[in-house]
Amino acid sequence: MIAHVRGTVAGVAPDGAVIEVGGVGIRVQCTPGTLATLRPGERAQVATSLVVREDSLTLYGFCSDDERNVFELLQTASGVGPRLALAMLAVHAPDALRRAVSTEDLGALTMVPGIGRKGAQRIVLELKDRLGPPGEGADGLPGARASRQAPPWRDQVQSGLVNLGWPVRDADQAIAALEDEGVVDGADAAVDVAMVLRAALRKLSKQ
């Protein structure tokens, strides 16, 4: 298996990126959160998972080993293929998925396009003992945000923005901008979610 790809980012598209390794451009499909960490012309390393089908070989890229591992675990549930697993990680960080499954939060799971209530129930039933509790993920790759370190308020603000129609990538960028400007302390677990959500909406509305 190809565990990771390291090289220069040759290009970034809405659904993936091309990373040049030894003169060969390797296309990896990624979540919006992972794509937000990649910059054309800069070197990067992404954890990868190769999905083999009769008519295709598709490489999926992730900002951390934990995200890749969760992606692969999600596919052990009935009816969850790589596209749906990637969609789940586009909406929720790994620990948010662990939390949703461990607490049987069907509402959080049905936020993912393509997952209905029955599908969410099946995922909870089949994955509750596999994903483990929040905080069990491995460290992220160098230079990437470790999903397990994200405080609960970040998931709540991101989910709120996504529910209001903003793409996950835009939501993450708005949150990161607020952190860079000192509006919110990313390391602080006690954050006024409503305040951050309003500030993020103001920032996004000016784009």
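1. Helix H8 (residues 168–180) packs against helix H9 (residues 193–205) with the axes 9 Å apart and an angle of about 110 degrees. H8 is therefore roughly perpendicular to H9. The axes are lines fitted to C-alpha atoms, for helices over the stretch in contact, with angles from 0 to 180 degrees between N-to-C directions. Angles under 35 degrees count as roughly parallel, over 145 as roughly antiparallel, 65 to 115 as roughly perpendicular, and the rest as oblique. Helices (H or I, at least four residues) and strands (E, at least two) are DSSP runs numbered from the N terminus. On the H8 side, Asp170, Ala174, Ala177 and Leu178 meet Val196, Ala199, Ala200, Lys203 and Leu204 of H9, where contact means heavy atoms within 4.5 Å.

2. On the source: this is a predicted model, in which local features need pLDDT of at least 70 and side-chain atom pairs count only at pLDDT 80 or more, while totals for chains, interfaces and linings use all residues. Residues are numbered from 1 along each chain as its sequence is written, and side-chain values use heavy atoms, with hydrogens and water left out.

3. Asp66, Glu67, Val70 and Leu74 in H2 meet Pro94, Leu97 and Arg98 in H4.

4. H4 is largely enclosed by the rest of the structure, because seven of its nine residues are buried. Buried means under 20% relative accessible area, exposed over 50%, and partly exposed in between (1.4 Å probe, protein chains only). The buried residues of H4 are Pro94, Asp95, Ala96, Leu97, Arg98, Ala100 and Val101. Just after H4, Glu104 takes a positive phi of about 55 degrees.

5. How many salt bridges are there? The count comes to six, taking a salt bridge as a side-chain nitrogen of Lys or Arg within 4 Å of a carboxyl oxygen of Asp or Glu. One of them joins the side chains of Asp15 and Arg27 (2.9 Å, N to O). Asp15 lies in the loop between E1 and strand E2 (16–21) and Arg27 in strand E3 (residues 24–30), so this pair ties together parts twelve residues apart in sequence. Asp15 is partly exposed at 41% relative accessibility, and Arg27 is partly exposed at 41%.

6. Asp65 is partly exposed at 25% relative accessibility, whereas Arg68 is buried, with a relative accessible area of 9%.

7. Glu104 also forms a salt bridge with Lys128, with the closest N and O atoms 2.8 Å apart. This pair links distant parts of the chain: Glu104 sits in the loop between H4 and helix H5 (106–109), and Lys128 in helix H6 (residues 117–131), 24 residues apart. Salt bridges that share partners also join Asp66, Asp95 and Arg98 into one network.

8. Ile2, Leu50, Val52 and Leu57 make a nonpolar surface patch of about 360 Å². Patch residues have over 30% relative accessible area and no salt bridge; like charges are joined within 9 Å and nonpolar side chains (Val, Leu, Ile, Met, Phe, Trp, Tyr) within 5 Å. Accessible areas come from the Shrake-Rupley method with a 1.4 Å probe, and for residues only the protein chains shown count as cover. Ile2 lies in the segment before strand E1 (4–13) and counts as partly exposed at 38% relative accessibility.
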